[in-house]
Amino acid sequence: MDYKALSKPFEHLLENIEAENGQAFIDLFCDGKISVNVPRYGQIGNNIVFCRYLRQVKLWLSEREGVRFEFWRALQDDTHLVMHMMIFFEINDAEFNYHKELHIPIGILCEMENGKIKTARVYYTTYWVAGGHNITRPAMLNEDPKLMETLPESEKTYFRCLWEADSKTILNELFDKDASFMSTAYSIYHGEDLIKVFDSMFSGGRNTELRLCTAFMAEGSLGVEYMNHRSGGNPNTPSAGMAIYTYTPEGKVAYVRLAGDSSYDHCLWPTL
């Protein structure tokens, strides 16, 4: 499969949205028929409705300042294509003297069939999109408890540590010394900031419970889709998310990139 050709329209996402070029994406799907699940709107299976959705995204972007885009990477195996990218924008509030560039991570997981996209699921937080609150979609996938046993030992330990609120093991044993962590909430952490964030998130036994729906290894990375059932030690409405874990040659976690309907580090969101 020519994954470079499949990912190219997404590498130029803003240009295609600005040009209202929905056909660039529609052509990637089996039989030229869109099948995509997006935050706030849910399942879209009609090409015309998809183009209307892109126009809504274009309108939202036109109302932001300092918009720019970065495509991080694509990851694939025989039946999946997963992509991670970011849209950056500026918040400028003169009254509160608050000026900051924020970003929204976007994750896309495609199920492939005969070199085409059979269906795609898109992940991003709706906090800024929906006027200061998150919209949680109904479950798109069934959770699969058996998937945990297929993961590398380091990832089994990682998810266990989330449940046990064990930041020390994650930071000292699983993460590379230069590891970076991109949350769903507009922030990238590394070094001392990463240590402070993880210690803060899990202080006082405040744990996180992620249940896996899909998982696959490719090119030294792990891609997963999950449902977040517990944040900050408290049960919450299950919310969908996607993560990419990339490893060093020594097997340490080098990068974590999340994208999801909401975030388990919501206490770190910038507020005005």
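How many aromatic pairs does a search of the whole structure find? Here are some notes to get you started; keep in mind that this is a predicted model.

1. The search turns up 13 aromatic pairs. One of them joins tyrosine 158 and phenylalanine 159: the ring centres sit 5.6 Å apart with the planes at 80°, so this pair is edge-to-face. Both tyrosine 158 and phenylalanine 159 are buried.

2. Phenylalanine 159 also pairs with tyrosine 245. Here the ring centres are 6.2 Å apart and the planes meet at 75°; planes over 60 degrees apart count as edge-to-face, so this pair is edge-to-face as well. Phenylalanine 159 belongs to helix H5 (residues 153-164) and tyrosine 245 to strand E11 (residues 234-247), so the pair ties together parts that are 86 residues apart in sequence. Like phenylalanine 159, tyrosine 245 is buried.

3. If you want to see where these rings belong, look for the cluster that ring pairs make out of Tyr158, Phe159, Phe175, Phe181, Phe198, Phe202 and Tyr245.

4. Two arginines are worth a look too. Arginine 64 lies over the face of tryptophan 60, 4.4 Å from the ring centre. Arginine 73 does likewise with tryptophan 72, at 5.8 Å from the ring centre.

5. Now for helix H4 (residues 47-62). Its 16 residues reach 23 Å from the first C-alpha to the last, close to the 22 Å expected at 1.5 Å a residue.

6. Which residues of H4 are buried? They are Phe50, Tyr53, Leu54, Val57, Trp60 and Leu61. Seen down the axis of H4, these buried residues fall within an arc of 115°, so they line one face of the helix. The face turned away from that buried side carries the exposed residues Ile48, Arg52 and Ser62.

7. Last, the largest nonpolar core, which has 38 residues. The members that touch the most other members are Val36, Phe50, Tyr53, Met85, Ile106, Ile108 and Cys110. Elements giving two or more residues to this core include helix H1 (3-11), H4, strand E4 (80-93) and strand E5 (98-113). E5 gives the most, with seven residues. As background, nonpolar side chains tend to be buried together in soluble globular proteins.

Methods:
Residues numbered from 1 in each chain as written. Predicted model: local features only at pLDDT ≥ 70, side-chain atom pairs only at ≥ 80, totals over all residues. Heavy atoms only, no water. Phe/Tyr/Trp six-rings, centres within 6.5 Å; stacked < 30°, edge-to-face > 60°. Buried < 20%, exposed > 50% of the residue type's maximum accessible area, 1.4 Å probe, protein only. Helix = DSSP H or I, 4+ residues; strand = E, 2+ residues; numbered from the N terminus. Lys NZ or Arg CZ within 6 Å of the ring centre and 35° of its normal. Expected span 1.5 Å × (residues − 1). Arc of directions from axis to C-beta. Core = buried A, V, L, I, M, F, W, Y, C linked by side-chain atoms within 4.5 Å.
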